[in-house]
Amino acid sequence: MSMRVLVTGAKGQLGTDLMNELNRQGLEAIGVDIEEMDITDAESCRRVISREKPDAVIHCAAYTAVDAAEDNVELCSRINGQGTRNVAQACRDQGIKLMYISTDYVFDGQGTRPWEPDDPRDPLNVYGETKYQGELAVEELLDQYFTVRIAWVFGLAGKNFIKTMLRLGQERGAVSVVDDQIGSPTYTYDLARLLVDMIQTDRYGRYHATNEGICSWYEFACEIFRQAGMDQVQVTPVSSQQFAAKAKRPSNSRMSKEKLSDNGFVRLPDWKDALGRYLKVLEQSR
């Protein structure tokens, strides 16, 4: 019997690749975006989920504009906190398992040790705080859930750091990039494969999922230009202090992925390998 999986935020960067991967694995994919199901409306969630009767829901829909969130606290909280609660409630009522896509931003971003999935959460900014509210709602309402924290995401749909770097590199020939925030880039194509594998199991709990290897944003930028054959672009490392952003960013986004291997899941390839494959696909899609 084919599994039916409903994906929220199906048109987003990760949602797009999830829909493709579900289809590739021969599962029934139901994609919803705000037009089909407004997650801030509990009745809308209940109606769509009870009508579609999926075996599982992968909840990607979120307010992700990190700096704008600082000025739009209520909206961000309504989408990421209450919206996730609405989805979780509908899943509980129907006895459906839920995968909630969360973020490294639920941690305080201090230190140098990789974050473990069950470490204490203490968000630095509004976006992180509202994603934490979502995690709490899922944990409170459900037993059958995966909370998967991701970071530094890039894919074909939507905006991301790689596209921004390539554009600025071409326009200006020089960029300044912070070198004191450390983490792991994550290719949505690789991530989608893992998430679809996971959703077909009952190995529930909190997980971290990023590509292997770590770097700073500065090192990430240098590697982007190197692999894109744009060595002439000048990349200057700067500190987060010099680079004023509205929302405070974590300096440590290293995340431990041991739990994936411990539960028999295949971890993602190295981020440099992922970047190379992504640049090829990006080139073909132009």
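Predicted model: local features only at pLDDT ≥ 70, side-chain atom pairs only at ≥ 80, totals over all residues.
Q: Why is Ala137 called buried?
A: Buried means under 20% relative accessible area. Ala137 has a relative accessible area of 1%, so Ala137 is buried.

Q: Where is the place of Ala137?
A: Ala137 lies in helix 5, which runs over residues 126-141.

Q: How far apart are Ala137 and Leu14 in sequence and in space?
A: In sequence, 123 residues separate Ala137 and Leu14. In space, their C-alpha atoms are 22 Å apart.

Q: What share of the residues in the protein is buried?
A: Of the 286 residues, 53% are buried. Each of these falls under the 20% cut-off for relative accessible area, because that is what buried means.

Q: How many helices and strands are there in the protein?
A: The protein has 10 helices and 12 strands.

Q: Why is the protein called as compact as a globular protein of its length?
A: For 286 residues the globule rule gives 19 Å. The radius of gyration of the protein is 19 Å, close to that value, so the protein is as compact as a globular protein of that length. Along the principal axes, the C-alpha trace spans about 55 × 40 × 35 Å.

Q: Which share of the contacts between residues at least 6 apart in sequence joins residues at least 24 apart?
A: The share is 81%. A pair counts as a contact when heavy atoms are within 4.5 Å.

Q: What is the distance between the mean positions of the positive and negative charges?
A: The mean positions of the 34 positive and 42 negative charges are 2 Å apart.

Terms used: Residues numbered from 1 in each chain as written. Heavy atoms only, no water. Helix = DSSP H or I, 4+ residues; strand = E, 2+ residues; numbered from the N terminus. Buried < 20%, exposed > 50% of the residue type's maximum accessible area, 1.4 Å probe, protein only. Rg over C-alpha atoms; globule rule 2.2 N^0.38 Å. Lys, Arg positive; Asp, Glu negative; His and termini not counted. Charge placed at Lys NZ, Arg CZ, Asp CG, Glu CD.
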